[in-house]
Structures are given as C-alpha cells and as structure tokens.
Amino acid sequence: MTMNHAEMVEKNRKFTLASWKTQAGWDPITIEKAEGVYFWDVEGKKYLDWSSQLINVNIGHGNKHVIEAIQEQLVKFCYCSPSIATEARARLGELLREIIPINNCKVFFSNGGAEAVENAMKMARLFTGRQKIITRYRSYHGATFGAMTAGGDPRRLANEPGIPWIRYVHGPYPYRNPIYRGRTVEEGEKILADLIEETIHYEGPKNVAAIMLEGYSGSSGILQGGKVFWDRIQEICDNNHILLIIDEVMSGFGRTGEWFGINHQPQVKPDIICLAKGITSAYVPLGATAVSGKIASYFDDNVLWCGLTNSSQTLGCAAAVANIEVYRRENLIERSRKMGEILNAELMKLKEKHLSIGEIRGIGLHFIIELVKNRETREPMSPFNSALTEPMQKVGKILQKNGLSTLIRWNWIFCTPPLIITKEQIQEGINIIDEALNEADKFYQG
Ligand SMILES: Cc1ncc(COP(=O)(O)O)c(C=O)c1O
C-alpha cells in the first residue's frame with residue numbers, strides 16, 4: 001500500500017469520475033482487501049458486504065479456486081481474437097448449456113450486462129425481422145445507449161429520446177400499482193397482463209420482436225410477478241410469435257435460490273437469456289447472451305451482425321468456468337434458498353418491531369426493505385426518483401458507521417449478501433439494520 005485513505009479518496013475524486021452522481025457529492029469509502037463476505041478499508045475498518053457489491057460477487061470475495069483458474073489462464077495466454085477457439089470458451093459454453101433453461105442454447109459472449117442486453121435485442125430483431133421491444137417501467141437493463149433506453153428505470157430520462165423502438169408497459173408492484181387496489185394479487189396480475197397484450201395490439205404485434213423482462217426483478221425494486229402474470233406473458237408471446245428475452249444479469253447464478261430467477265416459473269420458455277454479474281462473480285468482467293437452438297441455427301446461414309474485441313475474453317471464460325464449479329461444489333444454489341429462509345424470517349421480525357417498514361419483498365438471498373412514513377398511506381420515506389431524504393441518509397450513515405455496506409435507493413434497503421453467508425453473519429447484518437431502523441422510526445408519522 002502506498003496511499004493512505006485521504007490521498008486515495010482525494011486522487012480518485014480529482015482524476016476520475018463516479019457513476020450516477022454529482023461529482024461534488026461523491027464521498028467514497030476505500031477498500032484494501034476482501035475475504036468471504038467482508039472487506040476492509042485502508043484504515044483497517046471492516047465491512048460486512050450486505051449487497052455483494054453490486055449484487056454480483058455471488059461466491060464471495062477471495063475464492064481460491066477461481067483465483068487459481070484465472071492465474072492458470074493468465075500464464076498460458078490472456079487474450080486471443082474472438083475468431084480463435086479456446087478451451088475456456090468451449091468448457092463454458094458446454095457448462096452453460098447444462099444450466100440455462102433454453103433447449104440447445106448457444107452463447108455469444110460480451111463484457112457485461114448492458115452488452116448482453118444489446119446483443120439480445122440485436123439478435124431478436126435480426127431473427128424476427130421485426131423492430132420493437134417491449135420492456136417494463138422501472139426495469140434496469142444497463143447503461144449503454146440501447147440498454148439504457150430499454151430500461152424503464154428513470155436513469156434513462158437523462159438520455160432521452162434514446163432509441164426509437166422501445167415501448168414500455170407497467171409491471172407487477174402489488175404494494176403500489178393502482179391496478180391491484182381492492183383486488184387479489186392474481187386479479188391484479190391478470191389485468192396487468194391483459195393491458196400488456198392490449199399495448200402490443202396497439203403497437204402492431206407484427207412489429208414487435210420481443211418482450212424483455214428481468215428473470216427476477218432486482219434494482220427495479222424486487223417487484224416480481226407470480227404464476228398468473230408469467231403464464232399470460234408466455235401466452236401473449238406464443239400467440240403473437242413474439243420472442244421472450246429474459247434478463248438474468250442480476251437474478252442469475254443462485255441469487256434467488258435457483259440457478260436463474262425465471263426457474264421459479266418453470267412453465268416459461270425464454271428464447272433468449274442475458275447473463276453477467278454472477279457468471280464470474282465479477283472476478284473478471286464477462287457478459288453472455290444465450291439464444292435458443294432455433295435462433296442460433298438461423299445464424300448458420302445469416303450473418304450474425306454482432307462483435308466485440310473482447311468477445312469470449314479468455315480470462316472471463318476461465319473465471320466463469322471456475323465460478324460454475326464453485327456454485328456446484330459448494331451447493332450455493334441450495335444454500336441461497338436455505339439462508340434466504342433465515343434472512344426472510346429475521347426481516348419479518350424487524351417488520352414487527354419497526355413501524356417504518358412498509359414491505360419486505362424477495363426470495364433466496366435477494367431481499368429489499370421498503371421504508372414508509374406511514375403504513376396506511378404508504379408514503380415512501382424517500383420519494384421515487386429523488387435525492388435521498390434525511391431519514392434515508394441517516395439510515396445509510398448508521399449502517400456505514402456500524403460496518404455494513406449495502407445499496408440504498410429511494411426508500412429501499414437492499415439485502416443481497418454473497419451466497420456463502422452464514423446464519424451468524426446474517427444475524428450480524430440484521431442487528432446493524434435493526435439499530436439503523438430505530439432512526440427511521442423517528443420519522444414515522446403514525
Ligand atoms: C437486470 C440487469 N440487466 C443489466 C444490467 C447491466 O449490467 P452491467 O452494469 O454489467 O452493464 C444490470 C445491472 O445492474 C441489471 O441489473
């Protein structure tokens with residue numbers, strides 16, 4: 001180490017730009033080392049990584065098997081042109097075919113989630129000869145120009161008008177979406193899906209290449225539809241020959257207690273699946289777009305107009321192979337499910353204790369706490385798409401002070417730790433959140 005905390009922060013701020021914020025408001029913590037579910041800043045302060053960084057370090061930090069696999073590949077060669085065949089790429093393609101819920105899928109590799117989404121949209125449009133892609137409000141699909149427009153997340157607004165062929169629809173959110181008022185969740189889901197079908201009819205079904213949805217909603221707020229919703233989405237796709245693109249960038253690789261979020265709805269048959277994040281647990285960047293055998297064979301005789309200097313990057317492929325081995329050897333998918341039950345039970349206890357908790361949503365190790373000023377009115381503790389209000393800022397400061405690192409967005413606290421977390425470590429995180437929520441409760445207006 002050559003830099004102390006102050007110098008590191010100062011130079012990061014002086015010479016580099018930070019994502020999604022005014023630069024003047026960037027006050028970063030630092031990191032020197034990471035191990036398991038913890039990391040340490042340069043002054044030795046320990047943090048529990050309650051969000052797996054950006055919900056991507058699924059296997060935890062410092063996994064020896066993955067590090068050795070990367071080192072082994074590094075020594076052999078680090079890079080080759082994507083037109084050259086490699087063992088790492090071959091092994092990864094084969095492993096992905098075993099776990100991805102698409103028959104005879106073939107995979108195109110990229111550098112991250114946004115690129116996986118860009119290539120999914122390109123391939124859907126090339127294969128169908130149709131133009132439009134239907135996505136849901138609030139969803140996030142990445143920050144490149146097309147993926148940004150495809151996301152219904154408000155971050156896209158700074159890039160408007162974006163690409164012209166995206167159409168948004170409302171998605172499941174029983175806690176707030178007015179469609180659900182006075183109805184059961186199933187009734188609400190049915191109406192929601194009927195409206196999506198109606199939107200498609202207005203847009204012209206023959207102009208719609210694909211519907212793109214997150215396999216399990218993530219940064220959009222863990223807002224997931226149930227069986228009624230997904231049955232109808234599949235039906236709408238089938239009836240109109242529209243492809244179904246499932247974005248598993250965040251929800252893939254055990255996050256929700258299944259290999260992929262969409263595995264919770266086994267009747268759904270995606271045509272294309274987008275992957276990144278947990279594919280390598282971010283040890284090396286990698287994205288992937290998996291397409292059905294039918295779509296893949298279309299490109300046997302039609303040019304695949306997709307390409308990247310770092311497509312099938314060898315270190316990324318080697319890291320992903322080793323990651324999948326870790327998920328399997330350490331039973332991390334099952335572990336996510338089991339630890340998720342413990343996390344859920346603990347979060348429910350917090351809900352009983354803290355009036356400021358409006359709703360807890362999630363599954364596996366993929367949970368969110370939604371804070372409100374009043375349980376009747378459901379007024380959010382911090383409004384959608386605005387700077388964090390005082391209560392959320394205070395909650396964030398207490399969590400940080402007490403050594404818990406996580407994502408806070410509007411009135412949401414993400415609870416998405418690495419899949420290797422133990423029962424004791426869950427309790428450690430819950431205790432820190434418990435204390436922070438005492439502060440949130442002071443802003444409750446009951
Ligand atoms: C569902 C989903 N899709 C795509 C992306 C974009 O991934 P990346 O930031 O690797 O481009 C994200 C990132 O959070 C995501 O959650």
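The model is predicted, so local features need pLDDT of at least 70 and side-chain atom pairs count only at pLDDT 80 or more, while totals for chains, interfaces and linings use all residues. Residues are numbered from 1 along each chain as its sequence is written, and side-chain values use heavy atoms, without hydrogens and water.

**Exercise 1.** Determine how helices H5 and H9 pack.

Step 1. H5 (residues 113–128) and H9 (residues 293–301) make an angle of about 70°, with axes 10 Å apart. Axes are lines fitted to C-alpha atoms, for helices over the stretch in contact, and angles run from 0 to 180 degrees between N-to-C directions.

Step 2. H5 and H9 are therefore roughly perpendicular (65 to 115 degrees).

Step 3. Met-123, Leu-126 and Phe-127 of H5 meet Lys-294, Ile-295, Tyr-298 and Phe-299 of H9; contact means heavy atoms within 4.5 Å.

**Exercise 2.** Describe the sheet and the helix H8 that packs on it.

Step 1. Seven strands form an open, mixed sheet in the order S4-S10-S9-S8-S7-S5-S6; strands pair if DSSP finds at least two bridges between them.

Step 2. S4 (106–110) and S6 (166–169) are the edge strands, each pairing on one side only.

Step 3. H8 touches S7 (208–214) and S8 (243–247), and its direction makes about 160° with that of S7.

**Exercise 3.** Is Asn-239 buried or exposed?

Step 1. Asn-239 lies in H8 (residues 227–240).

Step 2. Its relative accessibility is 52%, so Asn-239 counts as exposed (over 50%, with a 1.4 Å probe and protein chains only).

Conventions
Helix = DSSP H or I, 4+ residues; strand = E, 2+ residues; numbered from the N terminus. Parallel < 35°, antiparallel > 145°, perpendicular 65-115°, else oblique. Buried < 20%, exposed > 50% of the residue type's maximum accessible area, 1.4 Å probe, protein only.
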